[in-house]
Amino acid sequence: MNKELRKAVIAGNWKMNKTRPEAKALIEELIPRAAETSCEVVICVPFTNLETAVSLTEGTNIKVGAENVHFEKSGAFTGEISADMLTELGVEYVIIGHSERRQYFGETDETVNKRTKAALAAGLKPIVCVGELLDEREAGITEEVISTQVKLGFAGISAEDMKKTIIAYEPVWAIGTGKTATSAQAEEVCLFIRETLAKLYDKATADAVTIQYGGSMNPKNAAELLAQPDVDGGLIGGASLKAADFGVLLDEASK
Ligand code: PGA
């Protein structure tokens, strides 16, 4: 983390977990725990828990995010949720282009780009996920993959909007597998993303963007990952579902 240049952000990604009573219990446990910490704290929860999360966290230091957003403003898009619907609820963040959306729901760099633009236009802060597959890493094309995802994902987005955007580097082989990237691997790609942004925009913009690492980050490995200068926080799946574990990550990012 380089706190002189940018904010450390720890965001939980609950995925398709927690009924409303379960969500309420976890948030009630998290509120006092998060209050002791100084990093930006975000919980991204299923659509059905957004209203509960927003109302329970009112007046606390926990911000609420959604896990996806549609790019159209309204219309015949059965099952979709627009950016305005989210902001109207009090939602501030939204995860875009998570690898599970890319893998199971046909998300592409083009739809990531459209969703990011729609989110920014509505005043949401996007957390845009990028990351290579195991095959791609083994073939030595990690940088090509990441560079394409960044270039297409942020095409046509102004420097001013880019600074409001968080990028989550999530190597797909490390998500939910218990296999974490080493801190050196995480730093290498986060730095590469920043260098790519510096070429696409300028150094000041690249320096301002929070770049998270995600993929099996947990209380044991967080300190080392967050000690890397270009790793500005984490997008946390499994460890965000337990207040005790998530709390440790908040402590580490607050140091
Ligand atoms: P994980 O998930 O922490 O369970 O690996 C991270 C993510 O998918 O965002």
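Predicted model: local features only at pLDDT ≥ 70, side-chain atom pairs only at ≥ 80, totals over all residues.
User: Why is α1 called roughly parallel to α2?
Analyst: Helix α1 (residues 20-35) and helix α2 (residues 50-57) pack at an angle of about 25°, with their axes 10 Å apart. Angles under 35 degrees count as roughly parallel, over 145 as roughly antiparallel, 65 to 115 as roughly perpendicular and the rest as oblique. Therefore α1 is roughly parallel to α2.

User: Which residues make the contact of α1 with α2?
Analyst: R20, K24, I27, E28 and I31 of α1 and T52, A53, L56 and T57 of α2 make the contact (heavy atoms within 4.5 Å). They divide into four nonpolar, two polar and three charged. Ala, Val, Leu, Ile, Met, Phe, Trp, Tyr, Cys and Pro count as nonpolar, Asp, Glu, Lys and Arg as charged, and the others, Gly among them, as polar.

User: What makes α1 roughly parallel to α12?
Analyst: The angle between α1 and helix α12 (residues 243-254) is about 30°, and their axes are 10 Å apart. That angle makes α1 roughly parallel to α12. In this contact L26, E29, L30, R33 and A34 in α1 meet A243, F246, G247, V248, L250 and D251 in α12. By class there are seven nonpolar, one polar and three charged residues.

User: Why are α7 and α9 called oblique to each other?
Analyst: The axes of helix α7 (residues 142-153) and helix α9 (residues 183-200) come within 10 Å and cross at roughly 45°. α7 and α9 are therefore oblique to each other. Their contact has seven nonpolar, three polar and two charged residues.

User: What is the volume of the largest pocket, and which residues are closest to its centre?
Analyst: The volume of the largest pocket is about 460 Å³. Of the 16 residues that line this pocket, K15, M16, E67, R101 and F105 are the closest to its centre. Helix α4 (residues 99-104) gives the most to the lining, with three residues. The lining divides into six nonpolar, five polar and five charged residues.

Technical notes: Residues numbered from 1 in each chain as written. Heavy atoms only, no water. Axes fitted to C-alpha atoms, helices over the stretch in contact; angles between N-to-C directions. Helix = DSSP H or I, 4+ residues; strand = E, 2+ residues; numbered from the N terminus. 1 Å grid on protein atoms, 1.4 Å probe; cavity = no way out; pocket = protein on both sides within 12 Å on 5 of 7 lines; lining within 4 Å. Points joined across faces, edges and corners; volume = space filled by probe spheres on them.
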